[in-house]
Amino acid sequence: MPSAEEAAAQRLGFAGVSNRQDIPPPTAEVASGASDAAPGLPPRPGIATHYLRYSIANMLLLVAGFISFPVLTRLLDNTQYGIMGYFNTWVLVAVAVAKLGGQHAIIRFYPHDGDARQQAHFSTNFVTLPMLLSLSLWAVVAAALAGWQWSGRAEFSGVFWCVVLIIPVMVVVSIVQAVVRASERSGLLMTTKVTGRGMELALVLGLVILIDRSALSVFGGRLIAATLLLGYFAYWASRNLSFSRRTIDLAATGGALMYGLPLMANEFAAMSLVAIDRVLLKEITDDYATVGIYTIGYTLAMQVNLFMSATLSEAFVPVVNRIYGGEGDVGVRALKGRVLLPMTYASLGVAAMIVAVGSDVLVALAGADKAASGAVFVAVGTVMALYPLLDISGYGLLLRKRSMLVFSLTAGAAVFNIAANFVLIPIYGYMGAAWATVISYVALSIAACLCCPRELRRFPDVRALGTAGGFALLLLAIVIYTDMFGLSGPWSRVFAGGALFLGAYALPVLLLDPRLRANLPSWSWRKARAR
C-alpha cells in the first residue's frame with residue numbers, strides 16, 4: 001500500500017531501471033504485447049494490459065487519497081497531524097532499510113520460465129532467507145528498544161510502538177508483492193493494492209471518528225489493515241512459494257544481498273530527499289504543530305506528484321527501455337518528443353492553476369483553520385507539477401547503465417536538502433522546509449539533465465513552451481487583476497479559477513497547436529475516420 005511519498009521516492013530511485021538490460025531486445029511479437037509464456041502455461045498479459053491495470057489502480061489510490069485528506073485534516077489538529085507526519089517518515093525510512101534491497105533482487109532474478117526446482121531455489125534463497133534476515137534484525141532492534149524502556153531510561157509513546165510493530169508487517173508484504181510483480185501478476189497486484197488501501201481508509205477513518213481523533217488511531221488503523229493484508233499474502237505465499245532446506249544456497253543469498261544493498265542505499269537516499277524534512281522540522285523547532293502545518297501542504301502536493309507522474313512513469317520506463325534496445329538513441333529522442341508535447345501543456349497548466357487557486361483548494365478541502373498550509377502546497381505543488389518535464393527530458397543515465405551516477409545525484413540532492421533545511425528552517429520556519437524541497441528538486445532536475453548523454457537529451461520544443469508559458473502567464477494576470485472577481489469563498493474561487501483555466505488557457509492552446517489536438521483520442525479518431 002504505497003503512499004504518495006513512497007511512489008515519489010521509487011521514481012527518484014532505481015525503480016525505473018530495466019530489469020533485463022542484459023537480455024537481447026524483445027521480438028516484434030513480445031513488443032506488441034503477444035504472450036511469451038512457456039508452452040503449457042497460461043499466456044502472460046501484454047504491456048498494454050499491465051499499463052491499463054496500473055492506471056486503474058493509481059487512479060483508485062488517488063481517489064482514496066482525496067477522500068482521506070480532507071477528512072483527516074478536518075478531524076486532526078495541526079499537532080496530531082504533525083505527529084502522524086513525523087512518525088510516518090520514520091516508517092518509510094525504516095521499511096526501506098529493513099528490506100535490505102530484497103525486492104530489487106527478487107524482480108531482477110525471478111526465474112520466469114524455471115522448473116519446480118528452480119522455483120524452490122528462488123523461493124528459498126531470494127525470498128525466504130533474506131526475509132528472515134530482515135525480521136531477525138528487526139527483532140534485535142525491537143528487543144533493545146523494549147529493554148531500554150523497561151529499564152526506565154526512556155518512555156516511548158503508543159504511536160512509537162505502533163510504528164515498531166508495523167515495520168515487519170510492511171516489510172513482508174512488500175517482499176511478497178515484489179514476487180507478485182516479478183511474476184507479472186499485475187491483476188493480483190492491482191487488486192491487493194486497492195483492497196489494502198480501501199481497508200486502511202475504512203479502518204483509519206473509523207477509529208478516528210468513533211474512538212479518538214489522534215495520530216494513535218491513524219497508526220492503529222494502518223496496523224490492523226496491514227496485518228489483514230499480510231494474512232492474505234501469507235496464504236498466497238504458502239500456495240505459490242516453496243521453501244526447501246535441500247535447496248539452501250548461501251552463495252546465492254549472498255549474491256542477492258550484494259545486488260540489493262546498493263539499491264537499498266539509493267532507495268534510502270531517495271526516501272530521505274522526499275520525507276526527511278519533517279524529521280528535521282521537528283528536531284529544529286521542537287513543535288509538532290509546525291510539522292503538521294508543513295505536512296498538510298506537502299501531502300496535498302504529493303497527490304499532485306502522484307497524479308502527474310505515477311502512470312506516466314510506469315508507462316514510459318518499460319517502453320523507453322524497449323525502444324532503446326530496438327531503435328537506439330534516435331528512437332528514444334523521438335519518444336521523448338511525443339511524450340513531452342502534451343506534458344508541456346499539462347505541466348504548465350497545472351502549475352499555473354496551483355499558483356492561482358492552490359491556497360483556496362487547500363482551504364476548501366482541509367478547512368479554514370488549516371489555511372497556513374496553503375503556502376506550502378503552492379510552493380511544493382508547483383514544483384511537483386513541473387518536475388516531470390525535466391525528469392523525462394533528462395532520462396537516459398539508466399539506459400546507459402550509469403546507475404552509480406544516478407545514486408550519486410540522488411544522494412547529493414538528499415544531502416543538499418538536509419543542509420538547506422538546517423539553514424532555512426531557523427529563518428523561515430515551515431516555509432524554510434518547503435523552499436528547501438523546492439531548491440533540492442530543481443537542483444536534482446538540472447543535474448540529471450546536465451549529466452544525461454547529449455544523444456538522449458531532449459527538451460520540450462520552443463513552440464510548445466512559448467504557447468503554454470504565454471497563456472499560463474495570461475491566466476495568472478487575469479486572476480491577479482480581477483482578484484477572482486471579488487469572490488471570497490474558497491469553493492467559489494476554485495470554480496471560477498476552473499472556468500478561467502478553460503477560457504484563458506485550455507481552449508486557446510488547443511486552437512493554436514494542432515499537434516496537441518492530434519493527441520486527443522476523439523480528435524485522432526475523427527481524423528482517422530475522415531481518411
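Helix α10 (residues 250–285) carries a kink of about 55 degrees centred on Ala275, the bend being the angle between axes fitted to the seven residues ending there and the seven starting there. Helices here are DSSP runs of H or I with at least four residues, numbered from the N terminus. Just beyond α10, Asp286 adopts a positive phi of about 55 degrees.

The structure is predicted, with local features requiring pLDDT of at least 70 and side-chain atom pairs counting only at pLDDT 80 or more, while totals for chains, interfaces and linings use all residues. Residues are numbered from 1 along each chain as its sequence is written, and side-chain values use heavy atoms, leaving out hydrogens and water.

Helix α6 (residues 116–150) and α7 have axes that come within 11 Å and cross at roughly 175 degrees; these axes are lines fitted to C-alpha atoms over the stretch in contact, with angles from 0 to 180 degrees between N-to-C directions. The two helices are therefore roughly antiparallel, the term for angles over 145 degrees. Residues of α6 including Val127, Leu135 and Trp138 meet residues of α7, among them Trp161, Pro168 and Val172, where contact means heavy atoms within 4.5 Å.

Also in α7, which spans residues 158–182, lies Ser174. Ser174 counts as buried because its relative accessibility is 16%, the cut-off being under 20% relative accessible area (1.4 Å probe, protein chains only). Its side chain makes a polar contact with that of Lys99 at 3.2 Å; such a contact is a pair of N or O atoms within 3.5 Å, within protein one able to donate a hydrogen and the other to accept it, and residues adjacent in sequence count only if both atoms are side-chain atoms.

Key. Buried < 20%, exposed > 50% of the residue type's maximum accessible area, 1.4 Å probe, protein only. Parallel < 35°, antiparallel > 145°, perpendicular 65-115°, else oblique.
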